[in-house]
Amino acid sequence: MKMKLATMAVAGLMVAGPVMADLVFPSLSYRTGPYAAGGIPFADGYADYFTLLNERDGGIGGEKLQVPECETAYNTEKGVECYESLKGTGGLVYQPLSTGITYQLIPKVTADDIPMLTSGLGRTSAKNGKVFSHVFNFPANYWDGASVAVKHMLDEEGGDLKGKKISLVYHNSAYGKEPIRTLQELSKKHGFELTEVPVDHPGQEQKSQWLQIRRDKPDYVIMYGWGVMNQVAIQEAANIRFPMDKFIGIWWSGSENDVLPAGAAADGYKALTFHNVGSDYPLYDDLKTHVYDAGKSAGAGDQSGTVLYNRGMYAAMLVSEAAKTAQEIHGVSAITPGQMRDGMEALNITEAKMAALGLPNFGPEFQVSCDNHGGNGFAAMTQWDATAKEWKLISDFVQSDQDIIQPLIDEDSTAYATENSIEPTCK
Amino acid sequence: MPEQLAFTIEVFLNGLMAGVLYALVALGFVLIYKASGIFNYAQGVMALFAAMTLVGIQNGQVPFSHLINAIFGTDVHSFGWSVHSGLAIVFTVFVMIALAWMVQKFVFRHLVGQEPIILFMATIGLAYFLEGVADLMWGSEIKSLNVCAAEGACLPQGINMWIDETTFTAFGYGFFIDNLDIVASIVAAILVIGLVAFAQYTKQGRAMRAVADDHQAALSVGVSLNFIWVLVWSLAGFVALVAGIMWGAKSGVQFSLSLIALKALPVLMLGGFTSIPGAIVGGLIIGVGEKLFEFLIGAPFLGGATENWFAYMLALLFLVFRPQGLFGEKIIERV
């Protein structure tokens, strides 16, 4: 009996834990709690892409892929616990999908020699790879988003924002506060008046904020929100009849979840993005054949083609390409997290590569280096069509104002290096 | 009228409206606490569960479809019909009554006579359990909530044009009042009148009050404690449904809806845990207080986003001078 139990326990462990030779891409997901609606599509897209690689290509470089999930519920403490518990699986790269968790993991991943990718989130100055050796935030960051939003306004206003009023409605957290400094610098440069309007978590009640906006009559509103804050803000904007085409959300305020509850009132709302939208790509044909039709979809399998599903899939594609790069650099297929870091630092995303992967015109080109862990800061504008119930890309990918952003990144990363006694260097 | 005064009046009115919405959530807490002494941590989740059930029934969604599909390999998600809002509300009320019965039968019946902290912990467990059941039953995606009496006669949203135009003509500044808030205020008024009338003039209501005053004395004269508790949890479920509809119409029905309970706590602290009118008055004071503070002090001098902490600070201030809340019953324990 004891023998039987021991055998069952060993068998259970073999099934539950990833095979050590596999390449492991842990997923710090959140499928429960108040932010689940955003976490689920991202986690599904992330998992489905790896399933596709396993089913279609037999993994990466002949190595099968494992994607163990750990539920963080968008809670920073749980996120750190997840990181610690999954560390033993040999995870090659972590993607927390939470700025709070990212901040906690920065010193940990550096000490553990494990890379972390925080596309479009986290600590913006992590773009400086000389200070943040294990943190990557390509292809764009929060400050890029703020700058591209202002560039869009400049385009609409004939290149002149002097005397214009812009309100920033933001989640009153480390995440929401990220663009303030950039927008302050941009307001000095372009002569617009910036008003900051914070919204406390979770953002279910925003009457004061939108009454203020109604009184101030800004020309544009930029939103850095997440979760229920987005839906309520869009509804409140519609309530005060603020023109939707002058209301621009960051990419975390631009999914179907954010606009559908407001119905027709959300028509024309704009949001930034660092990747394209929809499912009209050859890769989706492969996903259908090898994942969806094979019954291997992650979750309920109902998120395909949504903005956040695409983002999760794109994130998985980026780290897969980094893993391939790492295999090429080190000449081994079973790479370690440290080797994965090298692959991420040498990642080169070209249009030819994206097209070959079945994602033509899906995202910007960029080359990662030790100096630049964040890509080139390209983002585009999307707009919600409430009738068709779909997001449409309405601009090209535009580069952010590097003259403003790069000095800010240098300043912030240098301050971090000083605080933490880090000697900026390339590994 | 000076512009600043007009703005202040507008903020005041919107504070009143917001207060009504807070009071709607607080009412559920009061009902259960008054009758059983249980602080129901699950009230916010009950609002979420009720709203999800309503939308699920309206849309003809198959409950537990993900689970069914996973076990049986099927691909069912919808019955293929949609249910009229009125009928869906009736079905949802039945679901909430069934939930009340189950909560009583499987949880609280076994905890009669336990310390209040034990009962409170049980409601914490109930909250997480119910959240999980709601997820399993209806899924976690955000759902649009449209409650309509007839085609084109749905819950209104957006600025009330009549108030806007009238105040503009009178004061030179059009006040913003959300149509949904006006509806919520009317519904809350009807709900409070109904609940008070029920408690005062019906046999069950009087039995409910008797249990609230002294459940052992009520038992001795033949009042069924089980029935009363099921009744009270059912009423709290109905109030949760109303709150879920009003809040869900603003943000869509999603899991963060359960967090509206946080807005009710300062209302309860201020209005008292045992008074239905107290919940309303408390809600109004909190709503107006936090909105005026944000407008006059928070936004101009403190960087804004003061409402969450100010509501609690205001409630604490009241607690210092009147621990039982404005309308709560003073607890005197003689040794």
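In chain B, 72% of the contacts with a separation of 6 or more are between residues 24 or more positions apart. The model is predicted. Chain B contains 13 helices and two strands. Chain A is divided into two domains, domain 1 (16-140 + 279-375 + 407-419) and domain 2 (142-273). Between the chains, 35 residues of chain A are in contact with 36 residues of chain B.

**Chain B overall**

- Chain B has 335 residues and a radius of gyration of 21 Å, which agrees with the value near 20 Å that a compact globule with 335 residues would have.
- Taken along the principal axes, the box filled by the C-alpha atoms of chain B is roughly 65 × 60 × 40 Å.
- Buried residues make up 48% of the 335 residues of chain B.

**Helix pair α7 and α8 in chain B**

- Helix α7 (residues 179-201) of chain B and helix α8 (residues 203-213) of chain B have axes that come within 5 Å of each other and cross at roughly 85 degrees.
- Because angles of 65 to 115 degrees count as roughly perpendicular, α7(B) is roughly perpendicular to α8(B).
- On the α7(B) side, the contact is made by Phe198(B), Ala199(B), Gln200(B) and Tyr201(B); on the α8(B) side, Gly205(B), Met208(B) and Arg209(B) take part.
- By class, the residues of this contact between α7(B) and α8(B) are four nonpolar, two polar and one charged.

- Asn69(B) sits in helix α3 (residues 65-72) of chain B.
- There are 16 other C-beta atoms within 10 Å of Asn69(B), so Asn69(B) is partly exposed; a residue is buried if 20 or more lie within that distance and exposed if 12 or fewer do.
- Leaving out residues up to four places away in sequence, Asn69(B) touches Thr74(B), Asp75(B) and Val76(B).
- Lys105(B) belongs to helix α4 (residues 85-106) of chain B.
- Lys105(B) has 13 C-beta neighbours inside 10 Å and therefore counts as partly exposed.
- Lys105(B) and Lys250(B) are 145 residues apart along the chain, and their C-alpha atoms are separated by 34 Å.

**Domains of chain A**

- The C-alpha centres of domain 1 of chain A and domain 2 of chain A are 28 Å apart.
- Across the domain boundary, 14 residues of domain 1 of chain A are in contact with 19 residues of domain 2 of chain A.
- On the side of domain 1 of chain A that touches domain 2 of chain A, at least two residues each come from α2, α4 (99-112) and α12 (307-330) of chain A.
- α4(A) gives three residues to that side of domain 1 of chain A, the largest share.
- The side of domain 1 of chain A that touches domain 2 of chain A has eight nonpolar and six polar residues, and no charged residues.

**Interface between chains A and B**

- The contact between the chains involves 35 residues of chain A and 36 residues of chain B.
- The elements of chain A that give two or more residues to the side touching chain B are α2 (36-57), β8 (193-199), α8 (207-216) and α9 (228-239).
- By class, the side of chain A that touches chain B has 16 nonpolar residues, 12 polar residues and seven charged residues.

Methods: Residues are numbered from 1 along each chain as its sequence is written. Chains are lettered from A and ligands numbered from 1 in the order in which they are written. This is a predicted model: local features need pLDDT of at least 70, side-chain atom pairs count only at pLDDT 80 or more; totals for chains, interfaces and linings use all residues. Two residues are in contact if their C-beta atoms, placed from the backbone, lie within 7 Å. Helices (H or I, at least four residues) and strands (E, at least two) are DSSP runs, numbered from the N terminus. Ala, Val, Leu, Ile, Met, Phe, Trp, Tyr, Cys and Pro count as nonpolar, Asp, Glu, Lys and Arg as charged, and the others, Gly among them, as polar. Axes are lines fitted to C-alpha atoms, for helices over the stretch in contact, and angles run from 0 to 180 degrees between N-to-C directions. Angles under 35 degrees count as roughly parallel, over 145 as roughly antiparallel, 65 to 115 as roughly perpendicular and the rest as oblique. The radius of gyration is taken over C-alpha atoms; the globule rule is 2.2 Å times the number of residues to the power 0.38. Domain bounds come from an automatic or database domain assignment.
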